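Reader: I would like to learn how to read side-chain packing and ring pairs in a model, taking one feature at a time. Could we work through an example together?

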Amino acid sequence: MRTPLGTIMTSAGELEICLTDQDDAELVRSLLIEAANWMVSVGIRQWNPEQFTEQEIATYFAKREIYLVVGPDGPVGMFTLQQSDPDYWGSLNEEGYSYLHRLTVTPSYRGHALGRDFIYWAARRSRELGRKGLRFDCWSENRKLNPYYSKLGMETRGKGALNGREYILYEMNSELYRKL
């Protein structure tokens, strides 16, 4: 059963954010596959639709908090938070931060700066949970998202590598994190 956590005002209207549970596993999977298919269609090779198996999604519920963003007509997007991320962050990993992953926005809601709204909400949620800051990674070859993250107040903390690919490691500017 979903746990409502509040709403956020966005340029697309007021949206509800819920913490999901295993009952939403197929919905989470479908949102991620939809996002991966879109990435492939525009030449971004960051995600592969086949990676989002039922087994993969089941592990998310064991290791992550999964947040679903819902509008008046249904799901708008999602993202996950976890307290540690040694796979991507390696020796730079530090417990006590929120590590954001799998941020997606459904096609009908793209273009409303919801990625920013989700990231900033995730920062506020992380503060509520007593975490030190917000971190995430992005494939180094994603020429659209990396500049976008810098504009949002993210600072580069290094590079990581996983499965033969290089990732840029980001942390939200500490002043921005405190004032959001």
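Reader: Which residues does Leu 134 touch, not counting residues up to four places away in sequence?

Author: In this predicted model, Leu 134 touches Leu 81, Tyr 97, Ser 98, Leu 100, Ile 119, Ala 122, Ala 123, Ser 126, Tyr 170, Glu 171, Met 172 and Tyr 177, once residues up to four places away in sequence are set aside.

Reader: What is the general idea behind a nonpolar core, and which residues touch the most other members here?

Author: In soluble globular proteins, nonpolar side chains tend to be buried together. Here the largest nonpolar core has 29 residues, and those that touch the most other members are Phe 79, Ile 119, Leu 134, Met 154 and Met 172. Among the elements that give two or more residues to this core are strand S4 (74-82), helix H4 (114-128), strand S6 (134-139) and strand S8 (165-172); H4 gives the most, with seven residues. There is also a second, separate core of 17 residues, which includes Ala 25, Trp 47, Tyr 60 and Met 78.

Reader: How many aromatic pairs does the structure hold, and why is the pair of Tyr 148 and Tyr 149 classed as tilted?

Author: The structure holds twelve aromatic pairs. Planes under 30 degrees apart count as stacked and those over 60 as edge-to-face, with the rest tilted; because the planes of Tyr 148 and Tyr 149 stand at 50 degrees, with the ring centres 5.9 Å apart, this pair is tilted. Tyr 148 is partly exposed, at a relative accessible area of 29%, whereas Tyr 149 counts as buried at 10% relative accessibility. Tyr 149 also forms an edge-to-face pair with Tyr 170, at 5.6 Å centre to centre and with 65 degrees between the planes. That pair links distant parts of the chain, since Tyr 149 lies in helix H5 (residues 145-151) and Tyr 170 in strand S8, 21 residues apart.

Reader: Which rings are linked into a cluster by ring pairs, and where do charged ends sit over rings?

Author: Ring pairs join Tyr 67, Phe 79, Phe 118 and Trp 121 into a cluster. As for charges, the charged end of Arg 64 sits over the ring of Tyr 60, 4.0 Å from its centre, and that of Arg 135 sits over the ring of Tyr 97, 3.9 Å from its centre.

Conventions
Residues are numbered from 1 along each chain as its sequence is written. This is a predicted model: local features need pLDDT of at least 70, side-chain atom pairs count only at pLDDT 80 or more; totals for chains, interfaces and linings use all residues. Side-chain values use heavy atoms; hydrogens and water are left out. A nonpolar core is a set of buried Ala, Val, Leu, Ile, Met, Phe, Trp, Tyr and Cys residues joined through side-chain atoms within 4.5 Å. Buried means under 20% relative accessible area, exposed over 50%, partly exposed in between (1.4 Å probe, protein chains only). Helices (H or I, at least four residues) and strands (E, at least two) are DSSP runs, numbered from the N terminus. Contact means heavy atoms within 4.5 Å. Rings of Phe, Tyr and Trp (its six-membered ring) pair if their centres lie within 6.5 Å; planes under 30 degrees apart count as stacked, over 60 as edge-to-face and the rest as tilted. A charge sits over a ring if NZ of Lys or CZ of Arg is within 6 Å of the ring centre and within 35 degrees of the ring normal.
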